[in-house]
Each structure stands twice: as C-alpha cells, then as structure tokens.
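Reader: I like to see the criteria behind the labels. Could you take me through them for this model?

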Amino acid sequence: MVIRTGEIFMWLPQVVPRPRVTITPSGGSEINVTSQTIEARFTKLNGKLGTGDCFIRLQNNEGINSKVYPAGSTVKFYADNGSTADTLRWQGRIDYPKDAYDISGRIVEFEGRHRSFETSEINVTASFADTVASAVLNRIITDFLPSGYTQNNVSGLTERITVSWEEVPFSVCFKEILELSGADGYIDDNLNFVTFDENSIRQLTDAIVEGHTLLKLKDFGADSYVERNKIKVYGETGEGVPIIYTAGTGTRELIYEDKNIKTYEEAKALG
C-alpha cells in the first residue's frame, strides 16, 4: 500500500463582523437604526467605475420612520469583529427616501451615494502636456475640489500624460488619469485619494470563501458582442481643425468623438 502525503490549505473564516448603521438628519444628531434595519447594502468603487452608493430598508410600523430622515441626511456604516462596531467603513448621504410596503410590512427605503459623490458634479477645465500623472491629479484636486479632500495616499501615477478637459466631471478626469497611468484608486470615507499601481497590492488578511464570504459571482466569460478590431478617434484643435487617429484594421469599427481632444498625441493615447 502506498501512502501519499502532501499539504493543503484550508481557510478558517473569520467571525461575522458586528455591524452598525446610523443616520444623521440635516442639523440633527446621529441615530442608531441598526435594530430597525431589514436590509442594507453599501458599495465603494474603484475610481474607474464610479464613487459608490447605498440602499437601506428600515421597518416603518405605524409610520415611525416616515419623513424622519430627509434627502441630505448623512448615512454611516460601521463594522468590527469585536463586541462593538466602531470602525467607519462607509459614509454618504441619502438622495431618495420613500415609503413602501412589501412582504416585510410597512417600510421606508433609502437610496444614496458615497460622500465623494460631488466629484461627479464638479466640472474640470484644464490642460496638461507631458506631465507626471500624480502632479496632474494633485493640481486638479487643489484647483477644483472643496476643502476637505486630501492626496496623502497617492502613489504610483509615475507616467507622463497629456490631457485636456473642458467642463468634464472630476470623476471622469480621475478615471482617465488612472487608465493612462495603469493604476487603480478610490476616494475613502475621509475624502482622501488613494492610488496604487494595478495588481501591486496582495490581500493577505481575507479570502474569498465559497458559502461564507462569496455571496455572488457572475458574468465570467468572453462577450464578443462589443468586440471591435478598429477604432477612429476624432478631436478638434479648437480652431476648427479636425484631429483623426485610426488604430487597427477590419470592419468592426468604433467611432469615438470628444472635442476635449486637442492634439494628435491625446487621440493616439485614447486609441
């Protein structure tokens, strides 16, 4: 009889963290609504995808929570593995409160956005030629965002880039800087910009465990529906002279037009 030996790795999942959800009405005090929460979801996204949002459903028996938390109220989500939940994991604001009724009974629902939502509403007009990406980001943060935003954790972004924006949402500019630099990044709950090179951070403290931390996994596969083998990028110098850059060959063509593209180099970088 042959006995084979070897090593296996078995992940011992951590305890389920203790959550706490609070809402602070405009001009009011922070209220713990954890015991009334039926469902709550909070997302914080890579800067290439957006800023994140939330969805909360509270019990509303006899209308106890109707019109208590208006649009503009501050939402906070805390979670820890200990006996109390004191570490802030997400902060944002309520955009859309509404009363509803379903199998859970009378409820109130809230849709909201991460507190960095204003970066999608503030527009940038600026141009940079052959400038280090981190310097571009730091400059537009200083010039266009209100006080409170910081760039203490900006790393990577060492590529030299050429960009030109005219009334472009700040969040779109941030996404473009990340893409041109081969970096990832996000804005944390303290409004601090965090950036780093793609695939440069290794997760050593948590694991994706089927049936425990892995709740849903979908959309794996190759979708050729949107596949293109040729792209044409159109811009304009600002003096009525068109800029055209073509990459690739074939008949499945994508046309990209953007009047913020002012030079051939910018068109080529996008193509």
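This is a predicted model: local features need pLDDT of at least 70, side-chain atom pairs count only at pLDDT 80 or more; totals for chains, interfaces and linings use all residues.

Reader: Why is C54 called buried?

Author: Buried means under 20% relative accessible area, exposed over 50% and partly exposed in between, with a 1.4 Å probe and protein chains only. C54 has a relative accessible area of 5%, so C54 is buried. C173, at 0%, is therefore buried too.

Reader: How many disulfides does the structure hold?

Author: The count is 0. To qualify, a pair of cysteine sulfur atoms must lie within 2.5 Å.

Reader: What makes the pair of F42 and F77 stacked?

Author: Rings of Phe, Tyr and Trp (its six-membered ring) pair if their centres lie within 6.5 Å; planes under 30 degrees apart count as stacked, over 60 as edge-to-face and the rest as tilted. F42 and F77 lie 4.8 Å apart centre to centre, with 15 degrees between the planes, and form a stacked pair. The pair links distant parts of the chain, with F42 in strand β3 and F77 in strand β5, 35 residues apart. Strands here are DSSP runs of E with at least two residues, and helices are runs of H or I with at least four, numbered from the N terminus. Both F42 and F77 are buried.

Reader: Which residues form one aromatic cluster?

Author: Y149, F170, F174 and F193 do.

Reader: What makes a set of residues a nonpolar core?

Author: The members are buried Ala, Val, Leu, Ile, Met, Phe, Trp, Tyr and Cys residues joined through side-chain atoms within 4.5 Å. The largest such core has 25 residues, and L137, L157 and W165 are among those with the most contacts inside it. Elements giving two or more residues to this core include α1 (133-144) and α2 (170-181). A second, separate core of 15 residues includes F42 and I56.

Reader: How do you know that β13 and β14 pair?

Author: Two strands pair if DSSP finds at least two bridges between them. Here 7 bridges join β13 (residues 230-236) to β14, and the two run antiparallel. Within this pairing, K232 stands opposite T246 in β14. The open sheet has 3 strands in the order β14-β13-β15, with mixed pairing.

Key:
Residues are numbered from 1 along each chain as its sequence is written. Side-chain values use heavy atoms; hydrogens and water are left out.
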